[in-house]
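This report goes through one structure, part by part. Please have the sequence and the model open while reading.

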Amino acid sequence: MKRISRRGIFLWILSALFIAGILFLTVSFVHHGSEWAMKRYNRHLYSNGELIGAGTIYDTNDKILAQTVDGKRVYAESATTRKSTLHIVGDPKNFISTGVQYTFDSKLTGYNLLFGVYNIERYGRGNDMKLTIDSAICDRAYRALDGRKGTIGIVNYKTGDIVCAVSSPSFDVNDVPDNLETSEKYEGVYINRLLTAHYVPGSTFKIVTAICAIENIPDVYERTWVCDGGYTPAQGVEIKCNADHGKKINFNDALAKSCNSVFAQLAIELGDKKLTATAKELGIGSKITVSGAIESFEGKFKVDGAADDLLGWTGIGQGETRIAPITMLRIVSAIANGGSAVSFNIVDDFANQAGKALNITLPRNKIELMSADTAAKIKTMLRYNVTEQYGDYRYEGLYLCAKSGTAQIDSNDNHNIAWFTGFMDDENNPYAFVVVIENGNSGSQTAGPVANKVLQELVNNQS
């Protein structure tokens, strides 16, 4: 009897372990099935390591950016479009991790738990995807960069839909250069510079310092400062300015003239805790997620216990701060949108092989980055920058509110990072933008004209 009882207990244990194993495999399959299906050895989806089993990707005007034809992945007809949309669509081998072909691979292939990738066998392709980007505007942006390393991003600040997201250098997937992996010309070619590059923000960061001052210094608009070409804090070395701005420069003019002396003093007065709080509220140090799946570089901001000179340098955008351009794009979008940032999106919708829309819900939310009052005040200042400093005539008909930045990397001005960011104060054209050009010398002189070219194309050639 004891022997029979022991056998019974042993069988119960085996049965329990078997059931536990089945449950474990089931849960693993539910959570990781799509990952397993997307492995490169799946011949229904990949050929020679290149994705083939995916649906068609369209831009917002139904222009084909990628499709599967006779078991082969075929990209846009235009070589310029293939280059300008490379970091959005992705490359055939999925080296570009921010490309939609990589991020949404299971949805593009039509994978589901019940049938796996059966539809690929049946139809020869997966689900179709329509993007929010306008490939014609991306082409214009790519040409405007003219081979220089950098990025251009444009978003509808009311809806969060990204219209343009170009990163350079790029390459043609139909004619991959032999020196792609070795030439300095293609350094960082797989990086989406809008989302994942780490840039010194330069004077665009004065927007952040100005917001902090508006929220924490009640009489900031009544004050004046002295700028004799620089400011030397009690602790540390002199912080040089770009000019001698005189003995009575006010807050508005300090931002318009990008006065380092004033903004260094403001940063030191505000202190590390208030600057850190504002930076955090504006999203510096946090990742931005696009379409609920594509993540940006979170940024770097750390001034805890910093000496006065480091606080001053940080306040003018020349400290140890590093941000992705999309972070600044979201900040100016929130300013334009009354203080609230709408979640960014690059995917419009999906459709199955029969053309029927799929009910795939993408995140849509709104986050308040600053009060409506603060947004209105900094918006007025950014408009003043354009009318009084940059020249409205340079941006005819765009109603720009903007800030330039020239981030110094070393003593050579040719190595500067040129920034220009802002938005159009126009209900019919609610677009925010960011332009970053490496080795660009001056933000207003280099990145500003590039922004104008692309925005004029967007506004004047809409269907």
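Which residue in β8 does Gly 153 stand opposite? Gly 153 stands opposite Ala 165 in β8.

## Basis of the report

The model is predicted: local features need pLDDT of at least 70, side-chain atom pairs count only at pLDDT 80 or more, and totals for chains, interfaces and linings use all residues. Residues are numbered from 1 along each chain as its sequence is written, and side-chain values use heavy atoms, with hydrogens and water left out.

Helices (H or I, at least four residues) and strands (E, at least two) are DSSP runs numbered from the N terminus.

## The sheet

An open sheet is formed by 5 strands in the order β8-β7-β20-β19-β18, with antiparallel pairing; two strands pair if DSSP finds at least two bridges between them. Because β8 (162–168) and β18 (400–407) are at the edges with a single partner strand each, one side of each has no neighbour in the sheet. From one strand to the next the twist averages 5°.

Strand β7 (residues 150–156) pairs with β8 over 6 bridges in the antiparallel sense. Helix α7 (residues 135–145) lies across β7, β8 and β20 (431–437), at about 30° to β8. Axes are lines fitted to C-alpha atoms, for helices over the stretch in contact (heavy atoms within 4.5 Å), and angles run from 0 to 180 degrees between N-to-C directions.

## Two crossing helices

The axes of α9 (residues 206–216) and α11 (residues 260–281) come within 8 Å and cross at roughly 80°. The two helices are therefore roughly perpendicular to each other, a term for angles of 65 to 115 degrees. Residues making the contact include Ile 211 of α9 and Phe 263 of α11.

The contact residues divide into 11 nonpolar, 4 polar and 4 charged. Ala, Val, Leu, Ile, Met, Phe, Trp, Tyr, Cys and Pro count as nonpolar, Asp, Glu, Lys and Arg as charged, and the others, Gly among them, as polar.

## The largest pocket

The largest pocket is lined by 27 residues, of which Ser 203, Asn 242, Ser 258, Asn 260 and Thr 406 lie nearest its centre. A pocket is an open set of points on a 1 Å grid where a 1.4 Å probe fits, with protein on both sides within 12 Å along at least five of seven lines; lining residues have an atom within 4 Å of a point.

The lining divides into 5 nonpolar, 17 polar and 5 charged residues. Its largest share, 4 residues, comes from β18.

## A cis bond

Ser 168 and Pro 169 are joined by a cis peptide bond with omega of about 15°. Pro 169 is in the loop between β8 and α8 (193–196).

Note on methods:
Angles under 35 degrees count as roughly parallel, over 145 as roughly antiparallel, 65 to 115 as roughly perpendicular and the rest as oblique.
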